[in-house]
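Hi everyone, thanks for making time. Let me put the structure up on the screen, and then I'll walk you through it.

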Amino acid sequence: MEKSVFYHAGCPVCLSAEHDIVNLIGVENVEIVHIGEKRNRIAEAEKAGVKSVPALLTPNGNVLHINYGASTADVKG
């Protein structure tokens with residue numbers, strides 16, 4: 001099974017969602033990407049369809065936007 005990718009920006013909403021995702025699907029099944037720190041991954045997230053973070057990209061290519069922390073435009077600055 002391919003891993004899901006969880007994109008976040010480090011805010012409290014994102015960190016709470018990260019803990020829930022890890023508890024639900026397991027740390028071995030998800031790659032955590034803090035796009036505030038790994039800004040070179042923002043374009044990748046946007047290309048996949050991520051409009052805001054926190055968001056989970058499933059192995060099937062579906063983007064699940066979780067709550068609303070920040071838009072990718074806000075993270076870009």
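Let's start with charges: Lys and Arg count as positive, Asp and Glu as negative, and His and the chain ends are left out. A charge is placed at NZ of Lys, CZ of Arg, CG of Asp or CD of Glu. Counted that way, the protein chain has 7 positive and 9 negative side chains, with the centres of the two sets 8 Å apart.

Now, some housekeeping. This is a predicted model, where local features need pLDDT of at least 70 and side-chain atom pairs pLDDT 80 or more, while totals for chains, interfaces and linings use all residues. Residues are numbered from 1 along each chain as its sequence is written, and side-chain values use heavy atoms, without hydrogens or water.

On to the fold. The protein chain has three helices and four strands (DSSP runs numbered from the N terminus: H or I of at least four residues for helices, E of at least two for strands). Along the sequence, the pattern goes β-α-β-α-β-β-α. The C-alpha atoms fill a box of roughly 35 × 25 × 20 Å along the principal axes.

Finally, let's zoom in on one residue. Is serine 4 buried or exposed? Buried means under 20% relative accessible area, exposed over 50%, and partly exposed in between, using a 1.4 Å probe and protein chains only. Serine 4 has 5% relative accessibility, so it counts as buried. It sits in strand 1, residues 4-8. Leaving aside residues up to four places away in sequence, serine 4 touches Ile25, Asn29, Val30, Glu31, Leu56, Leu57, Thr58 and Pro59, a contact being heavy atoms within 4.5 Å.
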